[in-house]
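User: I have a structure open and would like to go through it piece by piece. Can you help me read it?

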Amino acid sequence: MQNLVDDLMSLSRIEAGKFSLPNDIVHMSPVVEEVVSNIQASGQAKAAQITLKNHLSSDSLQGDRAELTQLLYNIIGNALKYGRKDGIIKVALDNTDDHRIKLAIADEGDGIPFHHIPRLTERFYRVDNSRSRALGGTGLGLAIVKQIVEHHRGELLIDSLPGKGTTVTVFLPTTDFFPE
């Protein structure tokens, strides 16, 4: 119940500030490295292996570090829950040609049928209620991710193939995108 209250409060806070761009400069590489390291150290990864590929030449963006950290925990947490138990979770950071950072998190899980994908960021939406209940969670994780991405003027894409896995990709504008 406490997790649900925390997630609802977080969602409310993000939505309340979504019309103002965060002011801080955040360097994504250290944030991603810290979250991956914390998850591995906590034992949350269990038998799954998390690989991190960082190909960023520019990683600064105008953002809220706490929100971006929460975004990473939510997406990687879903990959751990719904990915193959002994699978690989790939976390990749790249720059795009249009001054954005591309963060992609891919798992090797069961995947998600195509018709569910448009609804995944709805509050409390679940593809499989019984499996979701067994694995825990509040049903707000991807709704929170969507709000954080919108707050940072980014883009969220979810691609999945049943039997192959799911890739969640977030595009965030770098500080180069917002000229002074």
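User: Which element supplies the largest share of the lining of the second largest pocket?

Analyst: That is β6, with four residues of the lining. Keep in mind that this is a predicted model.

User: And which elements each supply at least two residues there?

Analyst: α5 and β6 do. The residues lining this pocket include Lys 146, Val 149 and Glu 150, along with Leu 156, Leu 157, Ile 158 and Asp 159. Ile 117, Pro 118 and Thr 121 are also in the lining.

User: How much space lies in that pocket?

Analyst: About 160 Å³.

User: What does the lining of the second largest pocket have by class?

Analyst: Six nonpolar residues, three charged and one polar.

User: OK, the sheet now. In what order do the five strands come?

Analyst: The order is β2-β4-β5-β7-β6, in an open sheet with mixed pairing. The edge strands are β2, residues 49-55, and β6, residues 155-161, and each of them pairs on one side only. From one strand to the next, the twist averages 10°.

User: Do β5 and β7 run parallel or antiparallel, and how many bridges join them?

Analyst: They run antiparallel, and seven bridges join them. β5 covers residues 100-106 and β7 covers residues 165-173. In this pair, Arg 100 stands opposite Pro 173 of β7.

User: Helices next. Which strands does α3 lie across?

Analyst: Helix α3, residues 65-82, lies across β2, β4, β5 and β7. It runs at about 25° to β5.

User: What about α5?

Analyst: Helix α5, residues 141-151, lies across β6 and β7, and its angle to β6 is about 140°.

User: How far apart are the axes of α3 and α5, and at what angle do they pack?

Analyst: Their axes are 9 Å apart and the angle is about 145°. The crossing of α3 past α5 is left-handed.

User: Why give both an angle and a distance?

Analyst: Because two packed helices are described by both the angle between their axes and the distance between the axes.

User: Which residues of α3 meet α5?

Analyst: On the α3 side they are Glu 67, Leu 68, Gln 70, Leu 71, Asn 74, Ile 75 and Asn 78. The α5 residues they meet include Leu 142, Ile 144, Val 145 and Ile 148. Val 149 of α5 is also in this contact, and Val 149 is one of the residues lining the second largest pocket.

User: And the contact by class?

Analyst: The contact of α3 with α5 has eight nonpolar, five polar and one charged residues.

Definitions and conventions
Residues numbered from 1 in each chain as written. Predicted model: local features only at pLDDT ≥ 70, side-chain atom pairs only at ≥ 80, totals over all residues. Heavy atoms only, no water. Pairing = 2+ DSSP bridges. Axes fitted to C-alpha atoms, helices over the stretch in contact; angles between N-to-C directions. Contact = heavy atoms within 4.5 Å. Left-handed = near helix turned anticlockwise from the far one by under 90°. Nonpolar A, V, L, I, M, F, W, Y, C, P; charged D, E, K, R; others polar. 1 Å grid on protein atoms, 1.4 Å probe; cavity = no way out; pocket = protein on both sides within 12 Å on 5 of 7 lines; lining within 4 Å. Points joined across faces, edges and corners; volume = space filled by probe spheres on them.
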